[in-house]
There are 2 protein chains.
Amino acid sequence: MAERARPMSVAGKVMAILNAFAQDDVRLNLSEICRRAGLPLATGHRLVGELAAGGFLERVPDGTYRIGTRLWRIGSQAPAVTGLRELALPHMEDLYEATHDNVQLAVLREDRVLVVERLRGTRSVPVVTQVGATLPLHTTGVGKVLLAFAPPEYRERVIAAGLARHAARTITDADEMRRCLEQVRRSGYALTRDEMTLGASSVGAPVRDGTGEVVAALSLVARTRSADLRRLLPPLTTAARALSRDVERHWRARPETFSTERKTGA
Amino acid sequence: MAERARPMSVAGKVMAILNAFAQDDVRLNLSEICRRAGLPLATGHRLVGELAAGGFLERVPDGTYRIGTRLWRIGSQAPAVTGLRELALPHMEDLYEATHDNVQLAVLREDRVLVVERLRGTRSVPVVTQVGATLPLHTTGVGKVLLAFAPPEYRERVIAAGLARHAARTITDADEMRRCLEQVRRSGYALTRDEMTLGASSVGAPVRDGTGEVVAALSLVARTRSADLRRLLPPLTTAARALSRDVERHWRARPETFSTERKTGA
């Protein structure tokens, strides 16, 4: 049966409305919400009103809506993300203090890099990416790491879907990307130079759980001009290994707290 | 009309299910969810299934549920929280580097302190509070600041509701709390010593927006034994003032991005 032909349940409509805000735009008016959610205006109007009354959405004086603090608070209880964040934060603080560059922690979700935590390099290249934002896999240090250690069939699917150009030096050729990821697997780290944004470079390293599986990636993002990326590698890989040990310890003590969400796949 | 007598709409039921996770327990089984949400088991079962299919909840192998990464991602778009976090992060990093104590950023929501961001003092007292958690107003440095600068009628309402004891030195007497908050308003900072947890002390300072209104509080949490709290005051108040200037600048440039949510009130 065609999934799309089935009428949406009310819970499905509520999720569709909230999903409309998962993109980059933080403020949407009612007709934008309804268009994105695929809902008639009357239905959308009623449900958005209920969600605003419950604090899940917030009505801005100009008539637009945005995600409310209540939803932020409920979302912040997601253990798959917050557990990892809690383990990673001390290591990220150490990295920040050692380098003063941008420190990012990311996981693979829905064929994108999902930024789980970030410290801001106050004396480094400005990075606009916020926590909760997603980035392409093939243009970022964290993304290349996550892709390199993903199952081969998943990797091929991502490559086959096309490698969009984001900056002058984005790797858009499938074979070149395969060689690059092979190199990441061999060396245990990833480098990017002006592949996502002109002027910004990054180094990424894998974070593994108790089974050896790569569950996240840690990276430093620095100014291309000043960054001797290889100089950033020792602190980065040291921190990523220390975090992996913490994750493994935590995993052995409380395996049930780890995520069972599918990281790759359709 | 009695609000509670009205039957819950489906959107209301979905919100009730998600609200069940806003408390401290991150994993709940189906009957716990239904009890908290006030739903019959059959209804809860169907809606929880839909929310899990949509990635809003995640089913753990042991049969319990927890908040899914998708909801975390949508929630992380809440501008009232993330805008403030982005402005605060560099100042929090500076404070961390200067003191290596726990740095907290909090706002007032639903008569509690809501922790919006936290850096972990790796060489300080362990603080279990995570981002998204809530704390009492009267036992914490951030809470006393937020309460001291709230409208007088709101303050009195919180005091009248009772000041529960959390540790040996919690201020539970209404008049003593009034004097304490008066002192906070006069001095521009709050101190707590063993009032929330034995062994932990804190200093808090207000963060103001362009109108002079206190919109958040910044604090350092340190070990009582080692903390000369007055030594922590200069870096804390310096950072809080610098953040207030950033908030004011941001507020003048884009007033519409600031929260319109009610911080106090019923």
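The charged end of Arg208(A) lies over the ring of Phe149(A), 4.9 Å from its centre, where a charge counts as sitting over a ring if NZ of Lys or CZ of Arg is within 6 Å of the ring centre and within 35 degrees of the ring normal. In chain B, Arg208(B) is placed over the ring of Phe149(B), with 4.9 Å from charged end to ring centre. This is a predicted model, in which local features need pLDDT of at least 70 and side-chain atom pairs count only at pLDDT 80 or more, while totals for chains, interfaces and linings use all residues. Residues are numbered from 1 along each chain as its sequence is written, chains are lettered from A in the order in which they are written, and side-chain values use heavy atoms, without hydrogens and water.

Turning to the interface, 70 residues of chain B contact 70 residues of chain A (heavy atoms within 4.5 Å). Together the two chains bury about 6,300 Å², 56% of it on carbon and sulfur atoms; this is the accessible area (1.4 Å probe) lost on being put together, summed over both parts.

The interface of chain B and chain A holds 8 salt bridges, each a side-chain nitrogen of Lys or Arg within 4 Å of a carboxyl oxygen of Asp or Glu. One of them joins Arg118(A) to Glu86(B), at 3.3 Å from N to O. On the side of chain B that touches chain A, H5(B) gives the most, with 12 residues (helices are DSSP runs of H or I, at least four residues, numbered from the N terminus).

Key:
Helix = DSSP H or I, 4+ residues; strand = E, 2+ residues; numbered from the N terminus.
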